[in-house]
Amino acid sequence: MKVVAIATHGMGRPAPSQFGLINLLKAGAAQLIVLHHLAFYGPMSDHARALLPSLVDWFSNSARIAVQVFLVIGGFLAAKSLAPSGHAGYADPLRAIWRRYAKLAPPFLAATVIAAVASAWASRWMIHDSISAPATLAQLGAHALLLHGVLGFPSVSAGAWYVAIDFQLYALMVLALAVGGVVEGKRPLAWLMPVSVAFGATLSLLYFNLDAEWDNWAPYFFGSYGLGLMAWWASDPRRKPGYGVLMMLMVLLPAVVGLALQFRSRIALAAVVACVLFLFGRVKTAAEGRAWTLIHGLGKISYSVFLIHFPVCLLVNAAFIHFVPPEPELQAFGMLVAWGFSLGAGALFHRWVEEPLGRLMQALTPPLATAPPRLSGVSFR
């Protein structure tokens, strides 16, 4: 991994630096999610399974836990933007929550409408469980508000639950920082937010995450998100190494206890990803060379790929089932086509939908108020 300390690009200009490991994890997790949905929802995979049954079964049953990578990274980056040093307090929480909604919801709603149209189109070529019933206005409205799971509406597109959960977790963290600031008053408590996050993660890992009835709510996923939050705070280079390790243990020990009570591969993966981010998450790399250019590019469009891949895969499935013989080799090729088209559609969606909507919403949203000054230093020094 090439750390950008002295790298240059072009005519002596500094090379653009990015969190290389994060982009690598996002890019890889996005591919696994696409392949999981291709294998799980079929019907091409039903025929292709005859070629590599173990691989197709793994994608169908196990690759879904790759979403934990996004949960942990979400916490890691939320800590970076909301509370880089781990201090409580937030000047304008409602506006921060609105800005997060404005970032997530418009492209999500656009992709939801595309998925509804794709389901109607695919229903002309095949009959399959992966095709959703025609979307209602109430259903689309619940999706627009990111409340479809809470209100009991079926998702129009696979993975729609994650967008709502990401928003809930971010809003929960903003409100926790704001409340923490009130609790602190004029006497900042360096330990308040790390201990609060550790407590919340413990409740999640040992109670909420063991009850599937909570899977439409943030507490079910806060264990993974909290691991990411703590990984950012613990990896602060200004912090003494011993305190950083202590902070990580505050969330890793509950994870280990939770795994001992009931092993969950998703929690084990979240703990591993958090440890990797703790060690290497802040390393920045140059966008140089074909490999890193590809990784950074795939990381950049990962949200768009996540949003748009399902309707693409649905249409390719319908086309191959309707027009192509049901031979395993041909249907396996169809899965590869769907995968490639999903990446291409993700790049186009990012360029022509996600970015323009982001600029529009940014222009319509006033900038965040500057947070009140905090004491210098970091928590748990």
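# Notebook: helices and buried residues

I began with H350, which touches K300, I301, S304, E355 and P356 once residues up to four places away in sequence are left out, where a contact means heavy atoms within 4.5 Å. I noted that H350 lies in helix α14, residues 328–364, with helices taken as DSSP runs (H or I, at least four residues) numbered from the N terminus. I found H350 to be buried, with a relative accessible area of 9%; buried means under 20% relative accessible area, exposed over 50%, and partly exposed in between, using a 1.4 Å probe and protein chains only.

Before going on, I wrote down that this is a predicted model, in which local features need pLDDT of at least 70 and side-chain atom pairs count only at pLDDT 80 or more, while totals for chains, interfaces and linings use all residues. I also wrote down that residues are numbered from 1 along each chain as its sequence is written, and that side-chain values use heavy atoms, with hydrogens and water left out.

**Entry on α1 and α12.** I looked up how helix α1 (residues 20–41) and helix α12 (residues 289–300) pack, and found an angle of about 65° with the axes 8 Å apart; axes are lines fitted to C-alpha atoms, for helices over the stretch in contact, and angles run from 0 to 180 degrees between N-to-C directions. That angle makes α1 roughly perpendicular to α12, since angles of 65 to 115 degrees count as roughly perpendicular, under 35 as roughly parallel, over 145 as roughly antiparallel and the rest as oblique. On the α1 side the contact is made by G20, N23, L24, K26, A27 and Q31, and on the α12 side by W292, I295, H296, L298, G299 and K300.

**Entry on α13.** I checked the length of helix α13 (residues 302–323), whose 22 residues should span 32 Å at 1.5 Å a residue, and its end C-alpha atoms are 30 Å apart, which agrees; the expected span is 1.5 Å times one less than the number of residues. I then located a kink of about 45° at I308, shortly before the proline P311, the bend at a residue being the angle between axes fitted to the seven residues ending there and the seven starting there. Because 17 of the 22 residues of α13 are buried, this helix is largely enclosed by the rest of the structure.

**Entry on α9.** I made the length check for helix α9 (residues 218–234), where 17 residues should span 24 Å and the end C-alpha atoms are 23 Å apart, which agrees. A kink of about 40° is centred on S224 in α9, and the helix is mostly covered, with 16 of its 17 residues buried.

**Entry on A79.** I placed A79 in helix α4, residues 67–82, and at 1% relative accessibility A79 counts as buried. Not counting residues up to four places away in sequence, A79 touches P84, L229, W232 and W233.

**Entry on the loop between α6 and α7.** I found L146 in the loop between α6 (137–144) and α7 (160–184), buried with a relative accessible area of 2%. L146 has a positive phi of about 60° although it is not a glycine; most residues other than glycine have a negative phi. A158 is also placed in the loop between α6 and α7, and at 9% relative accessibility A158 counts as buried. Leaving aside neighbours within four places in sequence, I listed H37, Y41 and F310 as the contacts of A158.

Conventions:
Helices (H or I, at least four residues) and strands (E, at least two) are DSSP runs, numbered from the N terminus.
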